[in-house]
Amino acid sequence: MDPLLASIGQYLFHIFGLMAVAGALALVFSKNAIHSIVGFLLSMLAVAGCYLTLSAEFLAVAQLLVYAGGIVVLFLFVVMLVEMTKFKEKGLFQSQAKWAVAAVLAGAVVILSVFWSTWFGPGASQALTLGPELGQGLDMATQNAQAISRGLYAGYLLPFEILSVILLVALVGAVVLAKTERV
Amino acid sequence: MPSMNAVLFISFLLFSVGVAGVLIRRNVLIILMCVELMLNAANLNLVAFARHSGTVAGQAFALLVMGLAAAEVSIGLALVVALYRKKDTIQVDQINLLKG
C-alpha cells in the first residue's frame, strides 16, 4: 500500500473519533435546532466510520441505515412540526447550567484519573489484535455479517426476539401517543 | 488498528458531551439527541471490547442496543408531539405539571 495512505489509515480512527466529538459539541452548543441535527448527523456518520475502522462492517452499515437514514429524519420531522421561533428569547441553557457543567467536569476528572493510571501502564499502546484461535468466528473483513448473525441467532436468540416485541410495543405506543385526541 | 485507550477515550468524550447536553439544554429534542449520543458511546465501547475479546457478543449487543435506541426515539418523539399539543411548549423547565 502507498506509505502515505498506510500512515493515514493508522490514524483513521482518531480522525473519525474527533469528528464525532466535534459533531457532538455542535449538537449541544448550536442555537438553531436544525444545526443541532446536522451536528448529530455528522456525529453518527463519524461513529459509523469508527465502526469501520474497528472492522465491524455490518454495524457500520446498520448505523448508517438506522441513524442517518431513520432517526435523523424523524428528528427533522418533529423540529419542522414544532414552532421553534417561539422559544428564541427564552435562552438556550437551563438556569442550573453552571452547576451541571461543573458536575460533568468533576466526573470527567475522576474518569480521566483512572485513564491516567492506565495510559502509561503496560499494554497501553497495545493494538487491538486477535489471537489466531479467537479470530475464528469473527473473520473481520470477509465474514463479519455471518459472524454477527451466527452470534445473534444462535447465542442470543432470546434477546433478539424480546427486542422485536419491544419494537412492536414502541410502534403501537408511538401511534397511540401521537394521534389526535378524540373524546 | 487503534489502541484500546483511544477507543475508550473517544467514547468517554462522547459520553461526557452527551451528559452535559442532557443537563444544560432546555430543548427536549436536543436532550433526546444527547441520549442517543450516550447510547452511541456505549455502543462504541461494546464494539471495542468485542474486538478485544475476539468474540462476536459485543457486536451483537451493539446491534440490539441500536434497535432499542430506535424504539426509544420513536416513543420519545411521540411524547414530545403529544406534549407540544397539550402544553404548547417543548422547553423542559416549563413542563412542571407535577410540581403541585
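Predicted model: local features only at pLDDT ≥ 70, side-chain atom pairs only at ≥ 80, totals over all residues.
**Entry 1: chain A overall**

I began with the secondary structure of chain A and got 7 helices and 0 strands. Reading from the N terminus, the order of elements is α-α-α-α-α-α-α. Next I looked up burial: of the 183 residues in chain A, 26% are buried. I also checked sequence separation in the contacts of chain A. Taking those between residues at least 6 apart in sequence, 48% join residues at least 24 apart.

**Entry 2: where A meets B**

I then turned to the contact between the chains, to which chain A gives 74 residues and chain B gives 60 residues. On the chain A side, helix 2 (12–29), helix 3 (33–53), helix 4 (57–81), helix 5 (97–119), helix 6 (140–155) and helix 7 (157–178) each put in at least two residues. Which helix of chain A has the largest share of that side? I found that helix 4 of chain A does, with 11 residues. Sorting the chain A side by class, I noted 54 nonpolar, 18 polar and 2 charged residues.

**Entry 3: helix 3 of chain A**

Helix 3 of chain A has 21 residues and runs 30 Å from its first C-alpha to its last, close to the 30 Å expected at 1.5 Å a residue. Is helix 3 of chain A largely enclosed or largely open? I have it as largely enclosed by the rest of the structure, because 16 of its 21 residues are buried.

I looked at its partner within the chain first. The axes of helix 3 and helix 4 of chain A come within 8 Å and cross at roughly 175°. That makes the two helices roughly antiparallel, since an angle over 145 degrees counts as such. From helix 3 of chain A, the residues in this contact include Ile34(A), Ile37(A), Leu41(A), Met44(A) and Leu45(A), and from helix 4 of chain A they include Leu64(A), Tyr67(A), Ala68(A), Val72(A) and Phe75(A). By class I wrote down 20 nonpolar, 1 polar and 1 charged residues for the contact of helix 3 with helix 4 of chain A.

Ser55(A) follows helix 3 of chain A and sits in the loop between helix 3 and helix 4 of that chain. I flagged Ser55(A) for its positive phi of about 55°, given that it is not a glycine. Ser55(A) counts as partly exposed because it has 19 C-beta neighbours inside 10 Å, and buried would take 20 or more.

**Entry 4: across to helix 2 of chain B**

At what angle do helix 3 of chain A and helix 2 of chain B pack? I get about 5°, with the axes 11 Å apart, so these two helices are roughly parallel to each other. Among the residues that meet here are Ser36(A), Phe40(A), Ser43(A) and Cys50(A) from helix 3 of chain A, and Leu29(B), Met33(B), Asn40(B) and Val47(B) from helix 2 of chain B. The class count for the contact of helix 3 of chain A with helix 2 of chain B is 11 nonpolar, 3 polar and no charged residues.

Helix 2 of chain B itself has 26 residues and reaches 38 Å from first C-alpha to last, close to the 38 Å expected at 1.5 Å a residue. With 19 of the 26 residues buried, helix 2 of chain B is largely enclosed by the rest of the structure. Gly54(B) comes after helix 2 of chain B and has a positive phi, near 80°.

**Entry 5: the nonpolar core**

I looked up the largest nonpolar core next and found 73 residues in it, with Leu29(B) and Val47(B) having the most contacts inside. At least two residues each come from helix 2, helix 3, helix 4, helix 6 and helix 7 of chain A, and from helix 1 (4–24), helix 2 and helix 3 of chain B. Helix 2 of chain B gives the largest share of this core, 15 residues.

**Entry 6: two spots in chain B**

Ala60(B) belongs to helix 3 (residues 57–87) of chain B. I logged Ala60(B) as buried because it has 25 C-beta neighbours inside 10 Å. Leaving out residues up to four places away in sequence, Ala60(B) touches Ile148(A), Gly151(A), Leu152(A) and Tyr156(A).

Last, I checked Asp88(B), in the segment after helix 3 of chain B. Asp88(B) is not a glycine, yet its phi is positive, about 65°. With 11 C-beta neighbours inside 10 Å, Asp88(B) counts as exposed.

How values were computed: Residues numbered from 1 in each chain as written. Chains lettered and ligands numbered in written order. Contact = placed C-beta atoms within 7 Å. Helix = DSSP H or I, 4+ residues; strand = E, 2+ residues; numbered from the N terminus. Nonpolar A, V, L, I, M, F, W, Y, C, P; charged D, E, K, R; others polar. Buried ≥ 20, exposed ≤ 12 C-beta atoms within 10 Å, placed from the backbone. Expected span 1.5 Å × (residues − 1). Axes fitted to C-alpha atoms, helices over the stretch in contact; angles between N-to-C directions. Parallel < 35°, antiparallel > 145°, perpendicular 65-115°, else oblique. Core = buried A, V, L, I, M, F, W, Y, C linked by C-beta atoms within 7 Å.
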